Number of protein chains: 2
Amino acid sequence: MSSMKKSEILKIIGQNIKRIRLEKGFTQVDLVGKIEARIDTTNISRIEKGRTNATIHTLYKISQALEVPLSEICDVYFSESV
Amino acid sequence: MSSMKKSEILKIIGQNIKRIRLEKGFTQVDLVGKIEARIDTTNISRIEKGRTNATIHTLYKISQALEVPLSEICDVYFSESV
DNA sequence: ACTTAACTTGTCGAATATGTCAAGTATGAA
DNA sequence: TTCATACTTGACATATTCGACAAGTTAAGT
């Protein structure tokens, strides 16, 4: 399990975001409202679905809205055997 | 310190990567050689310098080459007071 | 001074992320 | 059924990433 495919990474990131968002009881619209920086539900939906390879700044904005560290969103398993 | 500017985030991410890379004694060329996935030193340099808003997949590839979890690269301080 | 290695930076083209808008789906309540 | 809320998806325009190549810079060693 040395390196995951791109689609797998994106899916995991998206699942992380959706899981945290639901745990906190937020809707996608809530997230958009919580941050001054521009972002919209279309993109959030696509990221949660793993359909888009988000930039780190977009993920940072989402982490701010979710009130979690960016690193929590980026929590993808790691294997030492590269 | 509720939300950092885009340029600040990118700079921190870049510093993380460069610090880890140097700690491990790798050159940028080393990194490129360590992963089968295509990536080049031009982009690594720009990311380390905070000049480019990298996608999560690119950062993942770099994390693989650095042999650290993606979340370590994405370690940006978090403030509860959003 | 010269060479080499490591890194930076500019440019180019192709691919794609993002915001915006519109339309569609799903669910639940009245 | 009707309405509202939440989410998804497609299309479009704009901006930017990313790989590539070339050229420039910096630092260390001989």
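Modeller: Two residues are in contact if their C-beta atoms, placed from the backbone, lie within 7 Å. By that criterion, 24 residues of chain B are in contact with 23 residues of chain A. Please bear in mind that this is a predicted model.

Colleague: What makes up the side of chain B that touches chain A?

Modeller: Helices H1 (6-23), H4 (56-66) and H5 (70-73) of chain B each supply at least two residues of that side. H4(B) has the largest share, with 5 residues. By class, the side of chain B that touches chain A has 14 nonpolar, 6 polar and 4 charged residues.

Colleague: Why are H1(A) and H4(B) called roughly perpendicular?

Modeller: Helix H1 (residues 6-23) of chain A packs against H4(B) at an angle of about 110°, and their axes are 10 Å apart. Angles of 65 to 115 degrees count as roughly perpendicular. The two helices, H1(A) and H4(B), are therefore roughly perpendicular to each other. As to handedness, H1(A) passes H4(B) in a right-handed crossing.

Colleague: Which residues of H1(A) and H4(B) meet there?

Modeller: From H1(A) come Lys6(A), Ile9(A), Leu10(A) and Ile13(A), and they meet Ile56(B), His57(B) and Tyr60(B) of H4(B). The residues of this contact divide into 5 nonpolar, 1 polar and 1 charged.

Colleague: What makes a residue part of the surface near DNA strand C, and which residues are closest?

Modeller: The C-beta atom, placed from the backbone, must lie within 6 Å of the strand. On that basis 21 residues surround DNA strand C, the closest being Thr42(A), Asn53(A), Thr58(A), Thr27(B) and Ser45(B). H3 (41-48) of chain A, and H2 (28-34) and H3 (41-48) of chain B, each supply at least two residues of this surface. H3(B) gives the most, with 5 residues. The surface near DNA strand C divides into 4 nonpolar, 12 polar and 5 charged residues.

Colleague: Which residues come nearest to DNA strand D?

Modeller: Among the 20 residues around DNA strand D, the nearest are Thr27(A), Ser45(A), Asn53(B), Thr55(B) and Thr58(B). Two or more residues of that surface come from each of H2 (28-34) and H3 of chain A and H3 of chain B. For DNA strand D, H3(A) gives the most, with 5 residues. By class, the surface near DNA strand D has 3 nonpolar, 12 polar and 5 charged residues.

Key: Residues numbered from 1 in each chain as written. Chains lettered and ligands numbered in written order. Predicted model: local features only at pLDDT ≥ 70, side-chain atom pairs only at ≥ 80, totals over all residues. Helix = DSSP H or I, 4+ residues; strand = E, 2+ residues; numbered from the N terminus. Nonpolar A, V, L, I, M, F, W, Y, C, P; charged D, E, K, R; others polar. Axes fitted to C-alpha atoms, helices over the stretch in contact; angles between N-to-C directions. Parallel < 35°, antiparallel > 145°, perpendicular 65-115°, else oblique. Left-handed = near helix turned anticlockwise from the far one by under 90°.
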